Amino acid sequence: MGAILDDIVAHWHVYATMPIIAALIGYVTKRVAIKMMFKPLEFRGIPPFLGWQGVIPANARRMATTAVALLTSHLVNPRELFARLDPDRMVAELEEPLLRAVEDVTREVMEQHQPRLWELLPARAQRLLLDRIRAQAPKVVARLLREVSANIDDVLDVDHMLIEAMVRDKALTVRLIEEVAQPELRFIARSGVYFGFVIGLVQFAAWALTKEPLIMPLFGFLTGFVTDWLALKMIFFPREPKGFLFFRWQGLFQKRRTQVAQDYGTLIADEVLTMSNVLEAVLTGPKSDRLFALIQREVQRTIDEQASIAKPLVALTVGGREYQELKRAAAAKAIEHLPETVKHLEQYATEALDVRNTIVDRMTRLSPLEFEGILRPAFRQDEWKLIAVGAVIGGIVGELQVLLLLH
C-alpha cells in the first residue's frame with residue numbers, strides 16, 4: 001500500500017490528469033457523435049465503404065416517412081384541416097386576380113383560336129360576353145373549391161407532399177431534429193464530462209493498483225461507450241416521472257413536452273406543411289391530373305352556358321370540332337394561369353388552417369410512447385454507430401495516455 005501511495009505522490013501530475021482526460025474523452029466523443037448524426041448532408045469519401053454521411057441525411061426518407069406517419073396519424077387530419085377553408089372567403093381573396101385572369105384567358109383563347117369570330121363580334125358584344133363570363137367565374141370557382149375541399153384526398157396526397165419536401169431538402173430534415181432536440185444534444189455533450197470524470201477516478205485507482213497498460217485503452221473505450229449509451233438513455237427514459245425521497249427524474253425529452261410541442265409545431269407550420277408546399281403539391285403532385293380534370297370540366301361547362309350570347313355567329317363560324325377545341329384551349333389557359341392566381345390565397349389559408357396551434361395542442365395530448373416517437377427514430381436504428389464511434393475514439397485516446405505514461 002505504501003508503494004502505491006509513494007508512486008501516486010511521485011507521479012501525482014500524471015494521476016491528476018486521468019479523470020480530466022477521461023472527462024475530455026467523454027466530451028469529445030459526444031461532440032463527434034452529435035456531428036456525425038447531422039453532417040455532412042451528402043456522402044463524402046469513396047463510396048460505398050470509405051467515407052461518411054450524417055446518419056439523419058443518409059436516412060432522410062426513412063426519417064421523413066416516420067415523421068409524416070406521426071403527423072398524419074396523430075397530429076393533423078388533412079380532411080379536417082382543409083375543411084376549415086371557407087370557399088366564399090377564398091373566392092373573395094381571389095376576386096381581383098381571378099377576374100383579371102378570366103378576362104385574359106377569354107381574350108387569348110378567342111384571339112388565338114377563333115380570331116374571325118372575335119372580330120365579327122361588335123365591341124359591345126365582346127364586352128358583354130366578357131362581363132357575363134366574369135360574373136360567372138366566382139360562382140364556378142366557389143363550386144370547384146367546395147368540391148376540392150370535400151374531396152381533398154382526390155387532389156392532394158399529403159403524405160407524398162410532406163415526405164418529398166423533407167427528402168428534397170435534407171437540411172430541413174436535419175433541422176427538424178436538431179432544433180427541436182437542441183437542449184438534449186447539449187446535455188449529451190455535457191454528460192460526457194461528468195460521466196467521464198467519474199470513470200476517470202476509477203481508472204486512477206485501477207492504474208495505481210495494477211500498472212497494467214491495457215487499463216488505459218480499456219477505460220477509454222468504456223468511457224466512450226458507457227457515456228454515449230447513458231446519455232442516449234437519459235434523454236428518453238424514464239418516460240414517466242420517477243422519484244425517491246426528495247429526488248425526482250424523468251427523460252429530458254419527456255420533461256420538455258410543452259416546449260418541444262411549440263418548437264415542433266412552429267417548424268412544421270413554417271417549413272413543412274406550408275401553403276406554398278400544399279399549392280405546389282396540388283398543382284404538380286401525383287394527383288394533380290384530377291384537379292385539372294375538375295377545372296377543365298367547369299371551364300367547358302361555363303363556356304357552354306355563356307356561349308348563347310353569340311349563338312347565331314357561333315353556328316355560322318364554329319363547327320362542333322372547332323368549338324370543342326376552343327373549350328379545351330380555354331381550360332388549358334385557365335390551368336396555365338392557376339399557379340399565379342392561387343398565390344393570393346396563401347395568407348388567408350395559412351391563418352385558417354392554423355397548423356402550428358393544431359400540432360401544439362395535439363402533441364401535448366400524446367401518450368409518452370407516442371411523444372417519444374417524434375425524436376426517437378432519429379437515434380434508434382443507428383445509435384449503435386454513434387456509441388461505437390465514441391468507444392473507438394475513447395480507446396485510441398486511452399492508448400495515447402499509456403504511451404505518455406510509459407515514455
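Predicted model: local features only at pLDDT ≥ 70, side-chain atom pairs only at ≥ 80, totals over all residues.
Two elements each give two or more residues to the patch, namely α2, covering residues 12–38, and α12, covering residues 182–210.

## Spans annotated as transmembrane

An unreviewed UniProt entry places the feature "transmembrane region" at four stretches of the chain, which are residues 12–29, 192–209, 215–232 and 386–406. In the model, residues 12–29 are 100% helix and 0% strand, and the C-alpha atoms at the ends of this span are 26 Å apart. Residues 192–209 are likewise 100% helix and 0% strand, with end C-alpha atoms that lie 25 Å apart.

## An enclosed helix

Helix α16, made of residues 275–284, is largely enclosed by the rest of the structure, because seven of its 10 residues are buried. The buried residues of α16 are Met-275, Asn-277, Val-278, Leu-279, Ala-281, Val-282 and Leu-283.

## The chain as a whole

The protein chain has 24 helices and four strands, and of its 407 residues, 47% count as buried. The accessible surface of the chain comes to about 20900 Å², and carbon and sulfur atoms account for 61% of that surface. When contacts between residues at least 6 apart in sequence are considered, 80% of them join residues that are at least 24 apart.

## Confidence in the model

The mean pLDDT of the protein chain is 78, and 88% of its residues reach a value of 70 or more. Among the elements of the chain, the lowest mean pLDDT, 47, belongs to helix α18 at residues 311–317, whereas the highest, 90, belongs to helix α21 at residues 355–363.

Definitions and conventions:
Residues numbered from 1 in each chain as written. Heavy atoms only, no water. pLDDT = per-residue confidence, 0-100. Buried < 20%, exposed > 50% of the residue type's maximum accessible area, 1.4 Å probe, protein only. Contact = heavy atoms within 4.5 Å. Areas by Shrake-Rupley, 256 points an atom, 1.4 Å probe, with all protein chains shown as cover. UniProt positions renumbered as here; feature names shortened; annotations may be inferred.
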